[in-house]
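Here is a friendly walk through a structure, with the terms spelled out as we go. Please have a look at it before reading on.

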Amino acid sequence: MKPGVDPEPRGRRHFLRGGARLMALTGLAGVAGRLAPRTSAQTSVWQIDPLKCVHCSNCATECVLKQSAVKCVHAFAMCGYCELCTGYFEPEPNALTTAAENQLCPTNAIKRTYVEDPYYEYEIDEALCIGCAKCVEGCSRFGNGSMFLQIRHDRCLNCNECAIARSCPAEAISRVPVGHPYRLKTGGH
Amino acid sequence: MAHRAWLLLLFAAAALGAESRFPPPDFEGGHQVPVPTTPAARALTLEYLDVVVLVAALGLATWLVYRSRSRRGITWLSLFSLGYFGFYRRGCVCAIGAIQNIAFGAFEPGYAIPLTVLAFFVAPLVVALFFGRTFCAAVCPHGALQDLVLVKPLKVPSWLEHGLGVLPFFFVGAGVIFAATGSAFLICRYDPFVPLFRLTGSVGLLGLGAAFLVIGTVIGRPYCRFFCPYGALLRLASLAAKWRVRVTPDTCTQCRLCEHSCPYGAMREPSGGAAAAESPPIERRRLTLLLLVLPVLIGLGALAGYQLAPAAARLHPTVALAEFHLRNQASPTKYPAMTPEALSLERAAADPETLIASAKRVRQRITLASWLLGAWVGLVIGAKLIALSVRVTRTDFEPDRGGCVACARCFLSCPNERVRRGLPVEALPAAAAAEPAVAAVAADAK
Amino acid sequence: MSDVPTPHSRRQFFGKLAQGAVAFGAAPGAVFSATNPFAYDVSRFGRTDPAMIGWEEISRRTTPLPEARRIAIGAGNIVHVAAGSEIVRWKTDGALPSLKAGAMVTCLALPRDELVFAGLRDRIVSFDTEGRARVIWQAENDGSWFSGLAVSEHDIWIADSGLRVIWHCDRAGKVLGRVGQKDRERDRAGLVVPSPFLDVRLHPDGLLRVNNPGRHRVEAYTPEGDLEFTWGKPTAAVPGFCGCCNPIALAILPDGRIVTAEKGLPRVKVYASDGTFESVVAGTETFAENVRRCGNASDCTRGGLDVAVDSEGRIHILDRVTGEVRVMRPKARA
């Protein structure tokens with residue numbers, strides 16, 4: 001006897017089963033067909049819309065990863081290169097130095113380097129950034145808003161339901177096609 | 001004339017481009033303004049490769065179960081699937097979760113289902129419609145993980161097995177309903193094994209996963225049998241499968257050696273004279289009674305669903321925010337500045353009418369969905385009761401069509417199978433000879 | 001042998017299970033904790049000591065169009081507000097037809113002779129009495145962004161934020177010189193303008209007043225470009241200029257006192273012409289909506305305030321976020 005061949009006699013059950021199978025296949029085909037116009041060849045990833053973000057710090061705490069996949073990104077072309085950067089310094093710093101007491105960032109993730117008088121460049125060290133949006137709030141409130149949060153796709157696991165997205169008070173996180181996975185600020189007045 | 005039109009266009013284009021940004025400082029030393037980096041997400045080709053691997057694994061699993069009939073092959077394939085779909089892909093996207101994406105995409109106009117997700121949903125079902133649950137055997141990483149931690153399977157009492165066996169149907173209904181209304185992806189949210197695959201997660205979910213693994217050492221595949229929503233669909237598909245897993249393609253000699261070889265309680269006995277104890281009239285009466293009770297069950301379920309609709313609606317973020325806003329208006333609480341609560345309330349206060357209007361619309365949809373979910377629950381219970389009343393005539397020991405996960409453990413417990421394969425019959429696997437009575441029978445059979 | 005379960009007990013079991021499942025799932029999806037350890041909270045700087053406030057509000061009016069940017073007061077105390085690509089006008093007793101500029105209006109100036117001068121980011125236009133616009137001067141260089149304008153009888157002073165310089169032209173549009181550039185030999189640091197808020201005003205003492213937002217000070221230049229003196233200090237406290245780049249707008253009272261407007265912590269203050277702090281016109285706590293929306297918006301360059309002074313010495317404050325114009329007068333001395 002050949003393995004795998006069903007020895008059950010062709011009876012009513014067999015007929016019903018075949019009918020059910022046909023219905024199921026038709027149903028699946030129907031579902032697939034109806035959904036065909038609503039499919040996309042590209043998969044989707046999650047991204048923050050920086051124009052909607054309210055800098056609530058949930059990104060730092062809600063990600064399934066221990067160190068959040070959300071990092072601050074700096075759009076240098078929008079930056080004013082200020083000596084007193086309100087995204088870098090506490091509101092009333094003791095001095096404009098890199099001392100920890102003067103810095104906003106809780107993890108010292110922003111590097112301040114002198115360019116020329118009176119301009120300084122501020123760069124984010126992603127290994128240290130936790131995505132807490134403190135600098136983003138400072139930069140957006142007083143400055144040009146060149147610092148903003150983005151989900152970094154070399155870290156993000158691309159969960160089917162993003163845990164940060166569902167806790168975002170501004171509903172700023174949504175799906176974007178994998179081919180354009182970032183929503184960078186470009187500035188514009 | 002055309003000249004001027006072109007110039008106008010050029011100026012317009014220049015103006016449009018120039019309008020864009022206030023220039024950064026003009027650095028004397030020629031400092032170059034850096035550009036933010038944009039690390040790419042996982043390449044699309046790799047996502048499609050996942051589908052190829054899935055189909056290949058399904059094909060291989062089916063071949064291993066039906067042609068090669070090799071338990072060892074299934075084990076190795078399970079290990080591969082655990083490594084690839086489990087720890088490498090971290091369990092996402094998976095066939096179980098794909099149910100939600102389908103439901104969400106069917107009702108949410110703004111969401112386009114990726115083809116890879118559709119493939120993950122359809123492929124195992126199509127295979128199950130022909131060959132049974134070979135996906136569960138060696139392709140699903142959840143099943144593979146549970147299979148591996150199984151040490152000493154205990155038999156779950158029949159009433160509990162059937163009782164808990166309706167839970168997957170509830171979960172598939174709930175998963176579909178909540179995803180279709182855009183409230184939540186519950187199946188993903190409460191998946192016990194994905195945090196283990198990710199090696200990170202909340203204490204609660206990691207604990208849940210660990211609990212499943214610990215229970216899985218003595219109760220085989222607890223998630224698959226009692227919780228997996230996709231398993232419910234595969235069970236139904238498997239019932240209609242063209243081929244079924246058999247202990248041996250050879251004749252069954254009723255030696256009962258395979259009776260306890262299934263760690264998942266899927267082995268069924270032949271319906272002999274004992275089953276005919278109940279005379280047809282009683283059974284027909286019970287069946288008729290249950291068929292009449294079925295609509296009542298559906299109705300009661302629908303009512304219960306309606307009662308739970310407000311709680312269900314609260315899962316949707318719009319409704320939750322609207323309720324939070326109204327609660328705060330009734331009894332205002334001052335939240336510290338810059339907390340998510342304070343910011344949510346500010347956003348709600350910016351345009352409360354639109355928020356409340358859309359929350360009302362969402363709540364209506366969810367109420368309707370809750371009716372349907374409740375009715376579904378009633379239908380499932382009724383269907384289960386009817387199924388239990390329908391007599392199945394069996395001549396051989398064979399795995400249950402819907403419950404068999406094609407793990408290939410039962411093959412080698414059959415002496416006929418061993419003879420067919422040319423294997424020695426004396427060396428029976430220890431797991432099959434669990435009871436002294438069986439060992440005595442084995443001694444007789446020789 | 002599978003025994004048939006009785007419907008009754010099974011139904012109860014399943015019912016309870018279903019309820020429990022939904023209740024479990026219906027637990028709030030996002031559990032907030034009402035604390036934010038990373039909160040950036042400047043509200044403590046938003047409170048003004050009432051003793052410092054020397055002005056009170058007379059009236060308030062909302063600009064009918066969105067995107068209000070600049071305010072200027074013309075002859076007859078007609079209020080002009082640049083909103084989008086139009087210049088809205090009104091008097092105390094009613095509105096006047098608005099002027100259509102056709103492009104975003106970034107600065108306004110109203111000399112005494114009833115003409116209206118407006119900057120459209122990289123060119124200056126003037127409107128005649130019929131409201132027709134005529135280009136006076138088109139910027140020669142790329143990157144110009146005119147954000148401030150002052151027009152006297154013979155001269156036009158244009159504050160160019162993009163090139164960080166004040167242009168000096170005659171009324172016909174011929175460039176006569178530049179003010180405020182960086183000059184290494186003469187040890188002039190130059191204007192630091194991180195966002196388009198450079199402003200220029202003509203002072204009765206004959207000197208120009210220019211804000212240098214990046215250095216948190218107001219500078220006084222001769223028309224030839226010599227820097228005479230500066231004043232101002234960077235501090236979030238009331239007498240200083242807060243944040244990274246303030247003040248963003250200036251106005252001159254008839255007696256020479258200087259009115260400053262800030263963003264970030266929006267407030268309007270009056271200083272003596274030598275820079276001594278005098279009083280607060282409107283404190284941060286009166287601009288709650290501005291603070292709220294600017295804080296939640298993606299950046300503050302569309303926020304802040306603008307100020308203008310009318311012939312009676314009243315200060316008009318334009319809230320760039322809400323579009324409201326407040327008229328302030330000095331408080332009566334008790």
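In which sense do strand 4 of chain C and strand 5 of chain C pair, and over how many bridges? They pair in the antiparallel sense, over 5 bridges. This is a predicted model, in which local features need pLDDT of at least 70 and side-chain atom pairs count only at pLDDT 80 or more, while totals for chains, interfaces and linings use all residues. Residues are numbered from 1 along each chain as its sequence is written, and chains are lettered from A and ligands numbered from 1 in the order in which they are written.

**Strands of chain C**

- Helices (H or I, at least four residues) and strands (E, at least two) are DSSP runs, numbered from the N terminus, and two strands pair if DSSP finds at least two bridges between them.
- Strand 3 (residues 79-83) of chain C pairs with strand 4 (residues 86-91) of chain C over 5 bridges, in the antiparallel sense.
- C:Ala83 has C:Glu86 of strand 4 opposite it.
- The hairpin of strand 3 and strand 4 of chain C has 2 residues between the strands, and C:Gly84 takes a positive phi near 70 degrees there.
- Another hairpin, through 2 residues, joins strand 4 of chain C to strand 5 of chain C.
- Strand 5 covers residues 94-100 of chain C, and its C:Leu96 stands opposite C:Arg89.

**Where chain A meets chain B**

- Contact here means that the C-beta atoms of two residues, placed from the backbone, lie within 7 Å; by that rule, 60 residues of chain A are in contact with 59 residues of chain B.
- Helix 1 of chain A gives the most to the side of chain A that touches chain B, with 9 residues.
- That side of chain A divides into 33 nonpolar, 15 polar and 12 charged residues, where Ala, Val, Leu, Ile, Met, Phe, Trp, Tyr, Cys and Pro count as nonpolar, Asp, Glu, Lys and Arg as charged, and the others, Gly among them, as polar.
- Strand 1 of chain A and strand 1 (residues 113-114) of chain B run parallel and are joined by 2 bridges, with A:Thr39 opposite B:Ile113.

**A helix pair in chain B**

- Helix 2 (residues 44-68) and helix 5 (residues 115-131) of chain B pack at an angle of about 10 degrees, with their axes 10 Å apart.
- Axes are lines fitted to C-alpha atoms, for helices over the stretch in contact, and angles run from 0 to 180 degrees between N-to-C directions.
- Helix 2 and helix 5 of chain B are therefore roughly parallel to each other (angles under 35 degrees count as such).
- Their contact has 12 nonpolar, 2 polar and 2 charged residues.

Definitions and conventions:
Parallel < 35°, antiparallel > 145°, perpendicular 65-115°, else oblique.
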